[in-house]
Amino acid sequence: MARLLEVRNLQTHFDTRWGVLKAVDGVSFDLDEGETLGIVGESGSGKSITAMSIVGLVPKPAGRIAGGQIVFDGEDLVPKSQDELREIRGTKLAMVLQDPMASLNPMFRIGDQVGEGLMVHRGLRGAPLREKVLGLLRAMRIPSPEARLNAWPHQLSGGMRQRVVGAIGISCEPKLLIADEPTSALDATIQLQYLTLLQELQERTGLAIIFITHDFGVVARLCHRAAVMYAGRIVELAKVDDIFARPRHPYTQGLLASIPDASKPAGKLTAIPGQPPELHRLPPGCPFAPRCARADERCNVERPPLEASDARHAVACWHPD
Ligand code: ADP
Ligand code: MG
């Protein structure tokens, strides 16, 4: 499969009144066409800001990409203008946000919102546009799609709104869909249906997906590889099977141990003793050292790089398993 995305040493910083906050601090990973990468980690670990950096939506003016490269489909996105990024977002690259209500405009009917990208970027109008929109609603298994075209967002259930947002995300047949905790507002049955739809879509279209979640069960079900984030860094990156069978970073081990039944990963991550560090004053060494049973003097002073023991399994730890 061809390489679609290469993120190299990404640094995304916020200016805060406490100083510079390194929300993303040297993140690197690759993604191939048709591949699904899961990004997991506790709240505040930099998952969403990594995604927003890729799609060019880092909150301004406090936030900025301070370094690194994001090579997508052969072009570095970091130096691109807002106009260029908007065009790329409308076509090749789509992001589905955590909260479906935040992605839908309450003032516009469902059909118009699903069709907007097709109108703006593909120039579709009239009956062909309507047909295409109906096809998208059907692809997302939205019942009675004709009746939904004229519905308002508030008239739909949470699950239906999520599917509508999904339909918007895939409307211009992107090469990469980034889904940021798209299932958190939904009950388990609807989650499963939604994830299955995305998987079907991927099999049909070769879409690459970055799936951001704090739920390892979702990663196990949907992803080929997983990146575990901690304090703005990737601490472990491997095939999902390898991460589950043989987690090497103490943080990943803690996350997996906190799932009630590891043979059926379906639980949410629960807290590991201690607190994640404050990002505006990170310790000089490993950010996990203060919570780590294995930490020694070196861990407190020297930052472990993300290194691969073999091509498939990388870990940022001085004492990995
Ligand atoms: P996650 O998605 O993993 O829960 P985020 O990527 O949203 O975490 O946030 C990473 C860090 O960046 C957090 O410490 C958060 O407080 C900080 N952050 C996010 N948005 C802003 C902002 N607009 N201004 C300042 N700090 C922010
Ligand atoms: Mg988030």
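**Figure 1. P61 and its cis peptide bond.** P61 sits in the loop that runs between helix 1 (47-55) and strand 4 (63-72). The model shown here and in the other views is predicted. The peptide bond from K60 to P61 is cis. Its omega is near 5°.

**Figure 2. D73, a non-glycine residue with positive phi.** D73 belongs to the loop between strand 4 and strand 5 (75-76). Its phi is positive, about 50°, although D73 is not a glycine. The relative accessible area of D73 is 27%, so the residue counts as partly exposed.

**Figure 3. S144, with phi near 40°.** Phi of S144 is positive, in a residue other than glycine. S144 is partly exposed, with a relative accessible area of 44%.

**Figure 4. The hairpin of strand 1 and strand 2.** Strand 1 (residues 3-16) pairs with strand 2 (residues 19-32) in the antiparallel sense. The pairing runs over 11 bridges. Between the two strands of the hairpin lie 2 residues. D15 has V20, in strand 2, as its bridge partner.

Figure 5. The whole structure holds 4 aromatic pairs. In one of them, the rings of Y230 and Y251 have centres 4.6 Å apart, and their planes meet at 55°, so this pair is tilted. The pair links distant parts of the chain: Y230 is in strand 9 (residues 225-230) and Y251 in helix 11 (residues 250-257), 21 residues apart. Y230 and Y251 are both buried. Y230 also pairs with F288, edge-to-face, at 5.2 Å centre to centre and with 85° between the planes. F288 lies in the loop between helix 11 and helix 12 (297-301), 58 residues from Y230. F288 is buried, as is Y230. Y230, Y251 and F288 form one aromatic cluster.

**Figure 6. W318 and its surroundings.** W318 is in the segment after strand 12 (313-315). Leaving aside neighbours within four places in sequence, its contacts are R298, C299, E302, R303, P304 and P305. R298 lies over the face of W318, at 3.5 Å from the ring centre. The W318 side chain also reaches the backbone oxygen of E302, at 2.8 Å. R303 is 15 residues from W318 along the chain, and their C-alpha atoms are separated by 8.7 Å.

How values were computed: Residues numbered from 1 in each chain as written. Chains lettered and ligands numbered in written order. Predicted model: local features only at pLDDT ≥ 70, side-chain atom pairs only at ≥ 80, totals over all residues. Heavy atoms only, no water. Pairing = 2+ DSSP bridges. Helix = DSSP H or I, 4+ residues; strand = E, 2+ residues; numbered from the N terminus. Contact = heavy atoms within 4.5 Å. Polar contact = N/O pair within 3.5 Å; in protein donor to acceptor, adjacent residues only side chain to side chain. Buried < 20%, exposed > 50% of the residue type's maximum accessible area, 1.4 Å probe, protein only. Phe/Tyr/Trp six-rings, centres within 6.5 Å; stacked < 30°, edge-to-face > 60°. Lys NZ or Arg CZ within 6 Å of the ring centre and 35° of its normal.
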